[in-house]
Amino acid sequence: MTDKPQGGKPGDDSAAEEAAQVNGTGKAAEEAAAGEGSEELATAKRELAERTADLQRLQAEYQNYRKRVERDRLTVREIAVSNILESLIPVLDDIGRAREHGEVTGGFKSVAESLETVVAKLGLQQFGKEGEPFDPTQHEALMHSYSSDVTEDTCVQILQPGYRIGERIIRPAMVAVAEPQPGTQTTSGPDAEAKPADADKSDGGSDS
């Protein structure tokens, strides 16, 4: 007869070992899966950050493009308006001469005033007045004289008004300039000092 092994049933130890191996394999698989999941999550986050940075860069480039297009559009408009206004300056000169001779009347007066109003709204400004100091950056002297009535170079006559758009001068004002009479300013000082001296002499004479 064959003797039966003492203790547990045959195969119990091998079943336990197999169960332990299965459990160990499962844990390892879970750990491996968890590790792979962490790596995938990190990769996804990195790719998301890269895509977000790309999107922000594209958005910034688009905003810069829009600003550049708007700036160019305004520049083109300013150049076009400036060219039109420059071409109208001779017409405004004719209107000014006609007004000086009293010829701006009736329907022509209405048209002239409407034109002047329109060009002013478009930014054309007229400058140059009699009596203002001469400024070579704004005035062009066509005539020159001396006068004892001025203390500095002065525009005494406006031959043609100047025009500008904003800070840009389209045409300087054509003017007649008067300078102070030579010696006027240099003699004013000694004369002022001589008066008290004369007064002292008169006082001294009265005392004697």
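**Before you start**

The model is predicted, so local features need a pLDDT of at least 70 and side-chain atom pairs count only at pLDDT 80 or more, while totals for chains, interfaces and linings use all residues. Residues are numbered from 1 along each chain as its sequence is written, and side-chain values use heavy atoms, with hydrogens and water left out.

**Stop 1: the whole chain**

Show everything and colour by pLDDT, the predictor's confidence in each residue, from 0 to 100. The average is 80, and 71% of the residues score at least 70. Switch to a cartoon and you can count three helices and six strands; these are DSSP runs numbered from the N terminus, with H or I over at least four residues for helices and E over at least two for strands. Their order from the N terminus is α-α-β-β-β-β-β-β-α.

A surface view exposes about 15,800 Å², of which carbon and sulfur atoms supply 53% (Shrake-Rupley method, 1.4 Å probe). Of the 208 residues, 14% count as buried, meaning under 20% relative accessible area with a 1.4 Å probe and protein chains only. Contacts here are heavy atoms within 4.5 Å; among those with a separation of 6 or more, 64% link residues 24 or more positions apart.

**Stop 2: the two ends of the confidence scale**

Where pLDDT is low, the predicted coordinates should not be read in detail.

**Stop 3: helix H2**

Now pick residues 106-121. How far apart are the end C-alpha atoms of helix H2? They are 23 Å apart, which agrees with the 22 Å that its 16 residues should span at 1.5 Å a residue, the expected span being 1.5 Å times one less than the number of residues. Just after H2, look at Gly-123, where phi is positive at about 110°.

**Stop 4: the sheet S1-S4-S5**

Select these three strands: they form an open sheet in that order, with antiparallel pairing. Strands count as paired if DSSP finds at least two bridges between them. S1 (124-127) and S5 (168-171) are at the edges with a single partner strand each, so one side of each lacks a neighbour in the sheet. On average, neighbouring strands are turned by 35° against each other, direction ignored.

S1 and S4 share four bridges, while three join S4 (residues 162-165) to S5. Centre on Tyr-163: Gln-126 has it as bridge partner, and Tyr-163 is also partnered with Arg-171 in S5. Further on, Ile-165 stands opposite Arg-168. In the S4-S5 hairpin, which has two residues between the strands, Gly-166 takes a positive phi near 65°.

**Stop 5: Ser-82**

Ser-82 sits in helix H1 (residues 12-100). Is Ser-82 buried or exposed? Its relative accessible area is 4%, so Ser-82 is buried. Leaving out residues up to four places away in sequence, Ser-82 touches Ile-165, Arg-168 and Ile-170.

**Stop 6: the sheet S2-S6-S3**

Finish with the open sheet of three strands in the order S2-S6-S3, where the pairing is mixed. S2 (139-147) and S3 (154-160) stand at its edges, each with a single partner strand, so one side of each has no neighbour in the sheet. S3 and S6 pair in the antiparallel sense over five bridges; to see one of them, show Cys-155 and its partner Val-177 in S6.

Conventions:
Axes are lines fitted to C-alpha atoms, for helices over the stretch in contact, and angles run from 0 to 180 degrees between N-to-C directions. Buried means under 20% relative accessible area, exposed over 50%, partly exposed in between (1.4 Å probe, protein chains only).
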